[in-house]
Amino acid sequence: SYCIYSGVISAVIYPIEAHWTWGGGWLAQMGFHDFAGSNCIHMVGGISALIGAYLLGPRIGKFKKKIYDVSDENVFSLIKLAINKYSDIVCGGADCDSRKIEILGSSGFKSNIVVKLKEGSCLTLVLNNASLAGEKGQACIDIGENSDVRLLLVGDNELRSGGICVPESSRLTIEGDGSLSINIDAGKYYGIGNSIDKHHGDIIFNQDGAIKCSANGMKGVCIGSGLGGNIRINRGSYDIEMRGQDGVAIGAIEGESDLRIEYCDLDIFFGVAGGTVIGSIANDAHIRMENDSVRIVTGGVSMTGIGTCSGSRAYVSMRNMSASIDMRSTEGCAIGGMRADTQVLIEYASVTVMAEGKSCFGLGNAIKTAYIQSSNSDLKVDVVNNTGMDVGAREEDIHILNGRAQFIVNDTEIKRQINAAEL
């Protein structure tokens with residue numbers, strides 16, 4: 001078709017209209033000049049392309065989605081569906097109770113297909129080396145209302161344009177020893193949970209494999225939602241990388257955050273101007289962490305590492321774990337709340353906090369009314385700021401029982417008494 005088009009325009013159209021200008025034709029006699037072929041060549045070619053596009057119409061399937069409605073199959077191939085130009089997989093519903101559906105991909109194959117689960121779905125969805133993607137910001141797996149879904153990870157899986165939507169009335173349990181990578185680049189986003197103006201349902205992580213979430217946008221959350229919900233991380237490995245304006249890595253933006261995180265590895269890079277790494281930005285945070293290995297690196301303007309930025313209450317319990325927090329921020333709190341009623345309990349843990357910034361501090365709150373207790377732990381707080389405060393609490397509310405503790409502010413060590421107590 002291109003050769004035919006080129007032959008016609010070169011043999012018929014160009015010679016005639018070019019003669020009008022460059023061959024002494026009627027346009028030339030009227031005093032018309034064409035500089036560098038802008039009219040005779042470029043404009044004529046553009047008009048020809050416009051006419052061709054009008055005659056052909058839009059690409060087949062571009063503005064109309066082709067939906068594959070799963071009926072009796074239990075295993076189906078992404079490659080086969082992609083060859084047949086499907087864009088959506090729809091499955092589940094109230095009539096698929098306890099059914100197991102496997103989406104089979106292939107290493108290196110990337111489909112532009114999303115999965116939608118109908119309302120009332122109670123099933124096991126297996127991702128086996130699956131790569132899913134849709135329109136920018138669209139959830140790659142959209143769970144319907146009043147659903148109970150078990151997501152089983154096998155092999156290496158990726159969601160390339162959005163995450164997993166878990167509405168408030170639904171429940172998602174993630175299991176398996178495979179991995180899941182979520183990549184998001186959108187103005188407002190979420191990884192696993194729900195949008196920034198909604199609650200999310202129960203999200204339970206029971207997988208042994210790794211989950212990686214990389215997000216870049218104006219405002220969003222990697223695990224959680226805007227208004228919050230129930231999150232239980234029972235095991236697994238998590239690698240979270242965020243960049244943007246405002247956000248939360250794990251928790252809620254406006255709502256309360258009730259988190260239980262245990263038996264897992266967390267590695268979080270938080271390059272967001274303002275927000276909370278684990279907890280809530282604007283509401284209360286109740287966080288219990290046990291048997292974890294946590295590494296947080298963050299830099300921005302106003303933020304909290306573990307706790308809340310502007311909520312009224314922050315409770316953080318860290319037990320039998322190791323944590324390293326490296327914070328660079330104009331104002332910020334590594335563990336606790338900026339102005340919240342704060343309680344931080346550290347037990348049988350190794351916690352290292354490095355905070356640098358104009359009004360940054362390590363533990364407690366900015367109004368020095370927090371309660372801090374470290375028992376049988378190794379605690380180090382190293383702060384560089386303009387306020388001279390390392391721990392946001394009165395000295396009588398700082399309790400160090402057994403273990404070791406070191407506090408440094410602007411290269412000056414602050415001595416605090418370590419009291420003996422029962423092991």
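How many residues has helix α3, and what distance separates its first C-alpha from its last? In this predicted model, local features need pLDDT of at least 70 and side-chain atom pairs count only at pLDDT 80 or more, whereas totals for chains, interfaces and linings use all residues. Residues are numbered from 1 along each chain as its sequence is written, and side-chain values use heavy atoms, with hydrogens and water left out.

Helix α3 (residues 38–56) has 19 residues and reaches 26 Å from its first C-alpha to its last, close to the 27 Å expected at 1.5 Å a residue; the expected span is 1.5 Å times one less than the number of residues. Helices (H or I, at least four residues) and strands (E, at least two) are DSSP runs, numbered from the N terminus. N39, C40, V44, G45 and S48 are the buried residues of α3, where buried denotes under 20% relative accessible area, exposed over 50%, and partly exposed in between (1.4 Å probe, protein chains only). These buried residues pack against α1 (2–22), contact being defined as heavy atoms within 4.5 Å. G57 follows α3 and has a positive phi, near 80 degrees.

Strand β22 (residues 293–308) runs parallel to β20 (residues 264–280), to which 12 bridges join it, and D267 has R295 in β22 as its bridge partner. Strands pair if DSSP finds at least two bridges between them. A further parallel pairing joins β22 to β24 (residues 322–337) through 14 bridges, with T298 opposite M327 in β24.

A186 lies in the loop between β13 (179–185) and β14 (188–193). The relative accessible area of A186 is 10%, so this residue is buried. Not counting residues up to four places away in sequence, A186 touches K136, G137, N216, G217 and M218.
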